[in-house]
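Hello,

Here is the structure I said I would pass on.

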2 protein chains.
Amino acid sequence: MDTLKALDIFRQHLEKYVSFNEAEWIVFIQHLHFTALKKKRHFIEPGIVCNDVGFILSGSVRYYNIKDGEEITGYFSFENEFVTSYKSYLTRQPALNYIQALEDTVLVNFNYKSMQQMLANPMLAYKMERFGRLVAEYYLICYEDRMTSFITKTPEERYLDLLSTGRDILQRMPQHYIANFLGITPVSLSRIRRRILVSGPL
Amino acid sequence: MDTLKALDIFRQHLEKYVSFNEAEWIVFIQHLHFTALKKKRHFIEPGIVCNDVGFILSGSVRYYNIKDGEEITGYFSFENEFVTSYKSYLTRQPALNYIQALEDTVLVNFNYKSMQQMLANPMLAYKMERFGRLVAEYYLICYEDRMTSFITKTPEERYLDLLSTGRDILQRMPQHYIANFLGITPVSLSRIRRRILVSGPL
DNA sequence: TCAAATTCTTATCTTTTGTTAACGTTTTGA
DNA sequence: TCAAAACGTTAACAAAAGATAAGAATTTGA
């Protein structure tokens, strides 16, 4: 995929949040850089301050932590979604989690310093504040929904929800990552699947 | 507490996000209104679009859902924190949860329409976008932390975390609400407390 | 291509949680 | 003030989840 086409796709998806005019866009794209992340490579690792916000042009990533030597996968992102370790990026504290490419992944990034420059640039400041607000609000709602499902639902119910709405995750992620994502062990998810299969296959 | 003092406290806490000059502040406060919520009264209920964002001057609230006829408490807010059903407020869809005052609670509110007006008012737009961004980012980080604890920790570990950092919640909330907040039943929390007591009280 | 690693399932056993109910204590509200 | 409601603990049992290990199928990567 060539750079111009990639920028065009990015711009199109940004429309969901803000629209740039030509002059603004020209300044904005000067702050962008592309990254190709080979499968299994890391976007961020614990102990490092996350400097970039990425937008996935192609590929996918998983977010995971290590607990007692075990990897625990907490989240996934796919094409046309943003990727960053929000807490680290926003607070400038070292990240506590890994973000890893699950396939060869191509990203458009902007870094913290660039964003601060744009936020300080009168030409872009307003639009960047708005952009930041709308993106944060979007992900806030995602988290709110997910928290609610952890509070009010059983692992089995969360899996059934995923069956009806989580196509990408189900089709593209190995099952033991999905188990972690649901808050249970892979063995437990296997049993839940069996339970569903024998009781009500539909 | 008189209105002027309340506004002053509110302004002081907003400094965490944005600073208003006098002219801006005068316009801003014209969009504010005060609410006194008697104990057990609701700030929002399911089926209703949440129009307000509140800031708690005194008192506290809990967020809860109803599942199979049972109340499940998912979150709490105390003095000097914002309160709203974010998803409903932002998407203009009916809320799915209750927010209830746990004590007599006094709030400063602004509503959705007011915020839209301020966002459209050149005098305030930039600052309001920034305000919205920083508040959303703040709560995004809270949710990120909480999600991580659900993925990587056991209920017992989450309770121990609360013991070391959750003073307000532990001291001001009944235990069965705290149990829900941790993702377990009240009976289960009672057992966890017993386990901790007999094994290592410290 | 082929050995090694990964993935998923299944089984066994242990631990934890959920459910229901009982009981004493505390709080509430008329 | 006093009956009713709410709260926390405990017990007994059922259901679910965690831990560990074994085995088959698939994927991987050199």
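This is a predicted model: local features need pLDDT of at least 70, side-chain atom pairs count only at pLDDT 80 or more; totals for chains, interfaces and linings use all residues.

Residues are numbered from 1 along each chain as its sequence is written, and chains are lettered from A, with ligands numbered from 1, in the order in which they are written.

The sheet in chain B is open and antiparallel, with 4 strands in the order S1-S8-S3-S6. Helices (H or I, at least four residues) and strands (E, at least two) are DSSP runs, numbered from the N terminus; two strands pair if DSSP finds at least two bridges between them. The edges are S1 (33-37) and S6 (82-83) of chain B, each of which pairs on one side only.

S8(B) (residues 105-111) is joined to S3(B) (residues 52-58) by 6 bridges. Among them, Val53(B) has Phe110(B) as its partner, and Ser58(B) has Val106(B). S8(B) also pairs with S1(B), over 5 bridges; here Val108(B) stands opposite Phe34(B).

Now the chain contact. In all, 28 residues of chain B are in contact with 28 of chain A, where contact means that C-beta atoms, placed from the backbone, lie within 7 Å. On the chain B side, S4 (61-67), S5 (70-77), H3 (86-91) and H5 (125-152) each supply at least two residues. The largest share, 19 residues, comes from H5(B).

Regards

Note on methods: Two residues are in contact if their C-beta atoms, placed from the backbone, lie within 7 Å.
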